[in-house]
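Let's take a friendly walk through this model together. Have the sequence and the coordinates open as you read.

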2 protein chains.
Amino acid sequence: MPPLPELRLPPAVAPVPVAGAPRLTQARCELLREIRIVDEYGEHRSIHIPAERPLTVFVDKRELVTLMTLGQCPELLVLGYLLNQRLIASVQEVESVTVDWDVGAAAVRTRHGVADIEARTAHRVVTTGCGQGTVFGDVMSQLHSVQLPDAQSARIRQGTLNRMLETMRQQDSIHRKAGSVHGCALFRLQPQTSEMLVFVEDVGRHNAIDTIAGWMGLHGVGGADKAFYTTGRLTSEMVMKSAQLGVPIIVSRNGVTAMGHELASRLGMALFGRAANRHFLCYAGAERFDSEPEPERAAVRVVSG
Amino acid sequence: MPPLPELRLPPAVAPVPVAGAPRLTQARCELLREIRIVDEYGEHRSIHIPAERPLTVFVDKRELVTLMTLGQCPELLVLGYLLNQRLIASVQEVESVTVDWDVGAAAVRTRHGVADIEARTAHRVVTTGCGQGTVFGDVMSQLHSVQLPDAQSARIRQGTLNRMLETMRQQDSIHRKAGSVHGCALFRLQPQTSEMLVFVEDVGRHNAIDTIAGWMGLHGVGGADKAFYTTGRLTSEMVMKSAQLGVPIIVSRNGVTAMGHELASRLGMALFGRAANRHFLCYAGAERFDSEPEPERAAVRVVSG
């Protein structure tokens, strides 16, 4: 049962951490667990399920939160969590992240402390999200600071969208081996194509996007020319986190919630759901979309109409 | 677009609230929202998505938490949330739950206050769950109080399991109309059959089970002879909440997480996943299961072996 601890980066992408980046451990753990089951034929056999373990985050020795995670990239998860919760504005505020799986702890050491950490983590909202189903209340109030590129400069063609879906379909994954995880990938959009930069899976989909946020922060990668793919629903949290990272386009295999739809519409983000095998629904932000309609149904219509 | 605000109870079930039950409003809201989309054929059309709205819970005028919910049965959701978080031990501790959708608030009035509410809600754990992805820390430490019936007295036959799955397959639902919600149902197990008592959907699956917990508490319904069906993954939270309600068997269309598996194994609960169309995997608690193997594969084996 080989662990797959690395983020799977395509060979073309060899990112270099930004100047002043924090020191990170590279804690490793098993990503799969073998269990015995009985099936409908009465057969006893072994299958793999994804690992899941608690990671308690301490910031300057103060306990902040316990995340339940697959454990693929815990240091990037912690960095991204702090960024997405706006507890830090840049990775340079962090001196080091030290993960020790023996005790299930991530020790974050900041350079100058986190101002008002008590007050800023006091307000609790329980959301629809998988995994990181909590956002501290003040994140909601910071949406006015979101800056997305306009619809002319950040858009996606139907052909590019279809190629993204095909890339995801072919992607090797924990999900394929063991189910029960959500995946999230970051794509760089180019005029005629797209390139997958990074792909993360976790037991909670918000851990996956937080890990990507950590990766983007560590390598100084901006969001304006990017699109997210997620296997999870397009919830308000997913939209908000994507917006905070400056990524204006999200594609999901799954559906949308009303708050996710409303937030994306207000922010001018493009949301694509039920996306697989050349099918999709564009729920919001159609002004960012260059439709290249599939011919099949149109042909049938001419015949029947 | 007719709202479906009631819990859909089969006619045989006409539960009566327990003596001393709280007064509950019956707040109503739209459960579906209509949005415009563009599909892969370039066609603009309308579809329905589930509603999702914040509900801020105040206990004796003190703000406790904001839940994101579909809004089907907010009063039962709030009751069940308080029970599952062990902030109350019985519904009789609550005098009234007043939900006002105009302000998105649920005002809970208790008879004698909630002891140590500050301290008991201070510890935050972010979990893998959908929806109610937060459990206050001390819930974890209360597992020793869980009492489940033994494997001889609470078990399930494969035929009964298959009929549960068939009932769920035929169930009318928000999911069928609009996708993007999780469903949870409570079944009463009898020697040769099972009876669906209540079915709830919500944008977060933990809201759905909390609502059922509220319904059980309000009507004094115990868990020992029951089974849960859920569309969501079998996470540790799902297992824990089921155990707290005394329900020893859970069936899911979805898979299992490692913590859900571990917890169920320790508690002696039966977990069935990937359950649909007569297929399933029994992940844990096979001692509660009366296997009646499907003949088809066995027959093929005899031929081939």
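How far apart should the ends of helix 3 of chain B be, at 1.5 Å a residue? Before the answer, a word on conventions. This is a predicted model, in which local features need pLDDT of at least 70 and side-chain atom pairs count only at pLDDT 80 or more, while totals for chains, interfaces and linings use all residues. Residues are numbered from 1 along each chain as its sequence is written, and chains are lettered from A and ligands numbered from 1 in the order in which they are written.

Helix 3 of chain B has 13 residues (158–170) and should span 18 Å, the expected span being 1.5 Å times one less than the number of residues. Its end C-alpha atoms lie 19 Å apart, which agrees. Helices here are DSSP runs of H or I with at least four residues, strands are runs of E with at least two, and both are numbered from the N terminus.

Now look at how this helix is placed. B:T160, B:L161, B:M164, B:L165 and B:M168 are buried, that is, 20 or more other C-beta atoms, placed from the backbone, lie within 10 Å of their own; 12 or fewer makes a residue exposed, and anything in between partly exposed. Seen down the axis of helix 3 of chain B, the buried residues fall within an arc of 140° (taken from the directions from the helix axis to the C-beta atoms), so they line one face. An α-helix has 3.6 residues a turn, so residues three or four places apart point the same way. On the other side of helix 3 of chain B, B:R169 and B:Q170 are exposed.

Staying in chain B, two residues other than glycine have a positive phi. B:K61, with phi of about 70°, sits in the loop between strand 4 (53–59) and strand 5 (62–69). B:K61 is exposed, with 8 other C-beta atoms within 10 Å. B:R274, with phi near 50°, belongs to strand 15 (residues 270–276), and its 19 C-beta neighbours inside 10 Å make it partly exposed.
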